[in-house]
Structure formats: C-alpha cells, structure tokens
Amino acid sequence: MRFVPLDTPKPISKIGLGTWQFGSREWGYGPDYEHRAAEIVRRALDLGVTLFDTAELYGFGRSERILGAALADDRAKVVVASKIFPVLPVAPVVQQRAVASAARLGVSSIDLYQVHQPNPVVADTTTMRGMRALQDVGLVGEVGVSNYNLRRWRFAEAALGRRVLSNQVRYSMIDRGPEEDLIPYAEQAGRIVIAYSPLAQGFLSGRYDATNPPSGAVRRANPYFLPVNLERGTELIATLREVADAHDATPSQIALAYLLHHPNVVAIPGASSVEQMERNAAAAEIDLADDEYATLAAAARRFRPVTGLAAVPKLIRARTGR
C-alpha cells in the first residue's frame, strides 16, 4: 500500500474503503451484508488500508455501527472518517451529532470529521465554530468537507482558522472537474482530495455495455448507464483494457491508478466482496507511464455522455420499458 505524502497523525492510504453500501439495502447486497462487510474490512486492514469512510446518513447510522464493530480493536490504528449531514449545521448541533457518530463507531475521537455537503443557507462560520470546539476537546482530529467548490473550501478553512484537510468529491475518469482547481489547490496547499465514486459506480469496470446494463436500483438511476452512454463509452473502456493488459491488471484498477497518479488524491471505492477489495488495494501499486496517463486522459475527454435534463426522458423510458 502507498500513502499520501503529508504530515498527518496517522498515515492515509492512497486507497481507502468507502462504506455507503454498509447497511444500505438499496445496493442489493442481501441479508448477509453485515457479515460480508466485516470480512471486507478485515481484509482491507490486512492489505494496509488505513482510511475507512462512512457517514451518519449511510443506512441512517447503520454503516457507522457496522464499520466500528468490524474494525474492533484496530479502530485506534486507522483513520476513521465520518460525515455530518448538514440539515441544521449550527455549532451546537455539529457537536451533538459528532458525539452520536463517535458512539456508533465506538471511538473516543473521529480522525476525520467532514461536512457532507455545503448548506445553501447556513454559513460555514457557525459550522466551523462547532468543528473547532470538537477539535479543542479532542473529539475530532482533522476537519474535512465534501462536495465543496474551491471558493467555499477556502472560506471554510478561514472560518475554522486551521487547515480543512480534505474535500471529498465525485471524481473519476468521467467526472474530471476536480482536475481544474481542487487538485491543483490540494497539491499547492498540502491538502487532500478524496475521490468518491472513483469507478463511476462501476461504469469504468467494463462489466456493462448496452446489451448488458446493470440491474441494481442505484445504478439504474444513474444516467451513465443509459444504453446510449454505455455505447458511447466503448472507446474509453477499450483504452482502459489496452493499458490494463500492459500491466496485467483490470480496467477498474487502471481507472483507479489514473486518479492516484496525482499525489494528493485518495480514492475510496466501495467493495461488495473480499476479492473486489483485494483488486482495489492492488491498484495503489500500479505506476502509469506519462504516455499511458496521457492516452487515458485523451480517451476520457472524448467520452461525451448524455446527462442532465437531456437524460431525463431516456431514464424514464429505461425505467418503464417504454
């Protein structure tokens, strides 16, 4: 395993484990998911993964409970990250919710506590006042944000009066917005971009095509999995396969390696099995040559999916079969 080259109390692995699926039945993992989740976490620990990300919203607290129980005595050795959903993120509420998350996780301190998304009405001034108080009493180590643009990330940091270590955003080969400003800022300021959905919910795995779309409810609601977009993605998947063959790897591993090419980027893919966790962790060891990275970036730029309002009628037809 490789780690982010930053001075943090605990090393942060370049591949972490995202646990949205723990306790969330919409992923369709079946009745044994808690047992499977524990196996995945234990194997991740064996492989050197140190970043485990959850949130109070995932399974309405169940993900935190499952993760904490699975980590057991290793909780103090790793970076446990959670998030507050900012319904009313004023300072007292932030403090109360952190206490609740820590209790569910079974930890005395949350290593990285993040604001799940910016609140459009409540300013970060009061939110960060709560975060600062949590840091002062030792209940929170580092503070992070999620789904913030660069301007608001920097404002949150000014409001905290300390570093806001990370910004967790959607980032993959087909969601490359963070490359414009967030990643350059992270590298310049010594911060971290945490990439969620780094495989675009499996689109980049090569498992699906226009004749073999996914069946799960979460993916079926994602416009990337429309037949037209699966068809348009053929060239990108072919390029991933070509580079993967050169490294004796899978398309998913190359898609992760593309993100990890940036030193201050961490990816937190989910895993539905121990084997998938093993494949994800192995991606941290893949070194892409500059020409391979350029080839992948060019293929990604040529992929133009149908999204936004233009995708809505197609999604409706895909869901209704009309």
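I begin with a definition: two strands are taken to pair if DSSP finds at least two bridges between them. The model before you is a predicted one. In it, D53 stands opposite A81 in strand 3. Strand 2, residues 51-53, and strand 3 are joined by three bridges and run parallel. On to the next pairing: strand 3, residues 79-84, is joined by four bridges to strand 4, residues 110-115, and these two also run parallel. Here A81 has L112 as its bridge partner in strand 4.

Eight strands make up an open sheet with parallel pairing, in the order 1-2-3-4-5-6-7-8. Strand 1 (17-18) and strand 8 (265-267) are at the edges with a single partner strand each, so one side of each has no neighbour in the sheet. Helix 6, residues 182-189, packs on the sheet and touches strand 6 (164-170), strand 7 (192-196) and strand 8. The direction of helix 6 makes about 145 degrees with that of strand 7. In total, the secondary structure of the protein chain consists of 13 helices and eight strands.

I return to strand 3. Are its residues buried or exposed? Six of the six are buried. In a regular strand, side chains alternate between the two faces of the sheet. In strand 3, V79, A81 and K83 point one way, while V80, S82 and I84 point the other way, and all are buried.

After helix 2 comes A72, whose phi is positive, near 50 degrees.

The other is helix 10, residues 251-260. Why do we describe helix 10 as largely enclosed by the rest of the structure? The reason is that ten of its ten residues are buried. The elements covering them include strand 7, helix 9 (234-246), strand 8, helix 11 (274-282) and helix 12 (290-302).

The largest has 85 residues, and F52, M131 and W153 touch the most other members. Helix 10 gives the most to this core, with seven residues. Leaving aside residues up to four places away in sequence, M131 touches I84, V94, Y113, Q114, V115, V143 and L160. A second, separate core has eleven residues, among them L51, L112, L165 and I194.

For 322 residues, a compact globule would have a radius of gyration near 20 Å, and the value of 19 Å for the protein chain agrees with that. The C-alpha trace spans about 55 × 45 × 40 Å along its principal axes. Of the 322 residues, 54% count as buried. Among contacts between residues at least 6 apart in sequence, 75% join residues at least 24 apart.

Terms used: Residues numbered from 1 in each chain as written. Predicted model: local features only at pLDDT ≥ 70, side-chain atom pairs only at ≥ 80, totals over all residues. Heavy atoms only, no water. Contact = heavy atoms within 4.5 Å. Axes fitted to C-alpha atoms, helices over the stretch in contact; angles between N-to-C directions. Rg over C-alpha atoms; globule rule 2.2 N^0.38 Å. Buried < 20%, exposed > 50% of the residue type's maximum accessible area, 1.4 Å probe, protein only. Core = buried A, V, L, I, M, F, W, Y, C linked by side-chain atoms within 4.5 Å.
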